[in-house]
Amino acid sequence: MKKYLIHSVRILVISLLVLTLTSSQSNAQEKVISTDSRTDLTVSIYNDNLALIKDTRNILLTKGINKISFLDVSGSIIPESALVNGSKLSVAEQNFNYDLLTSANLFAKAIGEKVIVRDTNPATGDAYEKEAVLLNTLYNDIVLRIGDKIETFNPNLNKNRNIIFTSLPKNLRTRPTLVLTLNSGEEKERPVELSYLSSNLSWKADYVAELNSKEDAFSLVGLVTLTNNSGVAYENTNLQLIAGNINRAYQPVVHRNMKAEMGMDMLANSAKPAVSTENFAEYYLYTLNGKTTIESAQTKQVTLLSSDKVSSRKEFKFSELIPNYETSSYEFKKINPSYSLTFKNDDNSGLGMALPAGVFRTYKSDSKGKMLFVGEDNIRHTAKNDEVTINLGSAFDISASGKLMEYKKIATKESEATYKIIFKNAKKEKVNVLYHQNFYNEWTIISESIKSKKDSQSLNIWSIPIAAEGETILEFKVNTKSR
């Protein structure tokens, strides 16, 4: 039914009376408070599709009970989270009205009500109107009672018949509205702050790095991408972003059919960051310097940070080249190492601020100066002075192959194994690769051709130098005892 109603708006002719009706006319007792009376607005957006809205408006309240329509609240408001603050007032009741003026809701609300049927003569263009009662709308049929007869018609087949609604159904509003019943202790105009949580507001961080030719440094721009699908615009707002993982109680999802087409608005791509940062509880708070407007169904980008030169080191790493179980035979061929960049988030790098989790994309120019994509990785929330490792992919020109050379059973739970691994480098410059291998239970390296480092109870690390277009052989014998 809804699909028909949405795609058949052409049959819907709303009289001038309906178009000029307002929420206050549908309920004369309500005092409509629009955004024109707004004095302050702050939107604080969290990582997990949640925002705190603090909306302050000047309201003239009479002493006693006041019924207030707070227009243009988020269409994705969590009504039970609403909190009202103001001098000498209390909340007696609040209702969120998200039954908005759409063709589907008009038909649904008008069942049993009088409408006008307009038939147009396709040959002459003459129109004839008559009263009818809307009985039902089912699939592609509209059921009407005209006089003492019951008629149905399919608007997809009969393009010469339209329905006119002469009044706005009760409680059907043009915009998301929170209706508050306030008890005021005095008659006075005063600021009233409405705070509430809303879904469908989100942000994420994106980082764009450009490597230099030696790949030992890169320029970096960090962007914050905001997405507003809450059904309302936030004009001239103070914007705050909170990075961290807050705990939330499970709530069932309520679908309100308030989706819109998404546009893209690039707020900033300048070299200077537009955001300041500070600790907040156990999270990080990023505040936009100055005010901004977040339109409905809009994606907006704000510069978070930038640095012309971030020092980094390139790493090639092999992991777990031999099995973590006892075996009398084993061989592997041509495994490529991971290729990554590591940098420190400190003042020397031109960073030195908490980095929110996001996607880190890396580019580099080819020999002709054309920019190419190198790889991307997710980074976690990173505190100041922490190291960040970006995994870019696999190194094409470096490989390892190897096999188990000798296996000896020493006792029921003890064995010795000798491995030979050949590391090859097809590059025209020498490289150094890391080989990380975990051993479980009790283990001891008895002999090795390249000195290793025991990094933890289970991890052993070899640093393997490989000459340009050359190879390096690592042989080692390990003793293992199972518990």
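These notebook entries record what I looked up in one predicted model.

**Basis.** I worked with a predicted model, in which local features need pLDDT of at least 70, side-chain atom pairs count only at pLDDT 80 or more, and totals for chains, interfaces and linings use all residues. Residues are numbered from 1 along each chain as its sequence is written, and side-chain values use heavy atoms, with hydrogens and water left out.

**Entry 1: a sheet.** I looked up an open sheet of 5 strands, and I noted the order S24-S29-S30-S35-S32 with antiparallel pairing. Strands here are DSSP runs of E with at least two residues, numbered from the N terminus, and two of them pair if DSSP finds at least two bridges between them. At the edges I found strand S24 (331–335) and strand S32 (442–448), each pairing on one side only. From one strand to the next, the twist averages 20 degrees (axes are lines fitted to C-alpha atoms, and angles run from 0 to 180 degrees between N-to-C directions).

Entry 2: I then examined strand S29 (residues 398–411) and strand S30 (residues 414–425), which pair in the antiparallel sense over 12 bridges. Gly402 stands opposite Ile421 in S30.

**Entry 3: positive phi.** I checked Asp72, which is not a glycine and has a positive phi near 60 degrees. Asp72 lies in the loop between strand S5 (64–71) and strand S6 (77–85). Is Asp72 buried or exposed? Its relative accessibility is 15%, so Asp72 counts as buried (buried means under 20% relative accessible area, exposed over 50%, partly exposed in between, with a 1.4 Å probe and protein chains only).

I also checked Asn200, likewise not a glycine, with a positive phi of about 65 degrees. Asn200 lies in the loop between strand S14 (188–199) and strand S15 (201–211). With a relative accessible area of 32%, Asn200 is partly exposed.

Key:
Helix = DSSP H or I, 4+ residues; strand = E, 2+ residues; numbered from the N terminus.
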